[in-house]
Amino acid sequence: MNERIPRLLLPAHYDLPGIDDDSRTLYAHLASMGPLPLEQIDTAALRTLLAAGLAVVHAGSVDIVPPAGPLQEIADQHTQRAVAAQLAIDDLMAIWRTARGQEVGVEVLSGPAASREFDAHIAQARREILALSIGPRAGMTIEPAHGLLDALDRGVSVQVVYHSRLFENESALAVTTECVAAGEQARVLPRVPVNLVIADDCATLNVSYDNDEPIHLAFMRSRRLVASWRAVFQTFWQLALPFDPGSALESVRHPAPEEHRELVRLLSLGITDRAIARELGVSERTVGRRVTALQEHLGVDTRFQLGLQLAMQGWV
C-alpha cells in the first residue's frame, strides 16, 4: 500500500494516543485513493481512525473526514489537562514542603476553619478580588460568596471568569446577574480548570476533589505564588468572553438558529472558507458575510471568539 501514497504523505511519528503510524498511513491512503470497500481495509488501523472520528463507514465503503474537528476536541482535552497540571505544580510542591516543615507561605485548612479563613480574606480585601470559578459542589446552595456584595459596595474591583456549564443552572445565572448589577466584572469560558480566588495579597485554591470530603483550601501568601496565580488569572481573563445574561440563558434553552446551523456544522469541522463555499454552493465572499452575520448574532469580533462562543452556546 505504501508505494501508492505520495512521498509527502508517508507516516510521521506521533506521540498522540490513538493516532499511530499505521492509522496515519491508512488515512493518507484513503485521502489519495478515495473511498474504498470495507473488506479491503486493515481492521486494526481502521478501528483507530473510527474511534478518533477521522473515518466513517457508509454503504460498505470507508472514507475519511477533515481532521480539524475530531482532533481539535482531543487537543483541547489534552491542553486542559496540561494547563491544570502546570497550574498545580508550584502550589502542590509548596503544600508538600509546608507539610515537611519548610515555610513557603502556604497554609492548608479544612472544613469550617477553611470557610472562616476564606470569608475573612474577602471581608479584608481593599483593592481587588480575582476569581476563576467552576462553581460550588453538587447539592450546595448557589449564592454570592459571603462578603462579596459588601466588597463591591466599598469599591473593591471584582473580576470573575466562570465555567460556562455553571449557567446550565438558572440559580447560578440569577446570582451572577445580581453580582454584575452590583459592579462585578464577569466573563465566561467553555472550560475553567480550578476554583481560585485572589484577594489582594492572598491566593486561595480549592484543593478538594470529592463532594463527600471536607473542603480543603490552600491559602498562599508567598509573593511569588500570588504573582504566578495572578498571571494565570489574567491569561484566562483575556481568553474569556463578557458575561451576557440574555445569551447565557438562551444557550441553555435553545439550539442554534435554523439559518446558522449548517454554517456552524461546517465551521466546527475546521475546514476552509473555500471548502465551506463549495459545500454550500455559494461564493467565498458569501461565506464571509454569513460568518460576519453569525459573529454579530453572538456579539463577537474575531473567529477565535466565535469558536469560544459556539462552544459556550453548546452549538458544537
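Author: Accessible areas here come from the Shrake-Rupley method with a 1.4 Å probe, and for residues only the protein chains shown count as cover. On that basis the chain exposes about 17700 Å², of which carbon and sulfur atoms supply 52%. This is a predicted model, in which local features need pLDDT of at least 70 and side-chain atom pairs count only at pLDDT 80 or more, while totals for chains, interfaces and linings use all residues. Residues are numbered from 1 along each chain as its sequence is written, and side-chain values use heavy atoms, with hydrogens and water left out.

The chain has 12 helices and 11 strands; these are DSSP runs (helices H or I, at least four residues; strands E, at least two), numbered from the N terminus. Of its 316 residues, 39% count as buried. Buried means under 20% relative accessible area, exposed means over 50%, and partly exposed lies in between (1.4 Å probe, protein chains only). A contact is a pair of heavy atoms within 4.5 Å. Among contacts between residues at least 6 apart in sequence, 67% join residues at least 24 apart.

β8 belongs to an open sheet of 8 strands with mixed pairing, in the order β4-β10-β9-β8-β5-β6-β7-β11. The edge strands of this sheet are β4 (106-110) and β11 (241-242), each pairing on one side only. Two strands count as paired if DSSP finds at least two bridges between them.

β8 has a partner on each side. One is β5 (residues 128-133), which pairs with β8 in the antiparallel sense over 4 bridges; there Ala131 stands opposite Val197. The other is β9 (residues 202-206), also antiparallel to β8 over 4 bridges, where Leu205 is the bridge partner of Leu196.

In a regular strand the side chains alternate between the two faces of the sheet.

β8 runs into β9 through a hairpin with 2 residues between the strands. Asp200 sits in this loop and has a positive phi of about 55° although it is not a glycine. Most residues other than glycine have a negative phi, and most peptide bonds are trans. Asp200 counts as buried because its relative accessible area is 10%.

Helix α7 (residues 223-239) packs on the sheet and touches β8, along with β4, β5, β6 (157-163), β7, β9, β10 (216-220) and β11. The direction of α7 makes about 65° with that of β5; axes are lines fitted to C-alpha atoms, for helices over the stretch in contact, and angles run from 0 to 180 degrees between N-to-C directions.

Ala59 lies in the loop between β2 and β3 (61-64) and has a positive phi of about 50° although it is not a glycine. Ala59 counts as exposed because its relative accessible area is 75%. For Asp200, by contrast, the figure is 10%, and that residue is buried.
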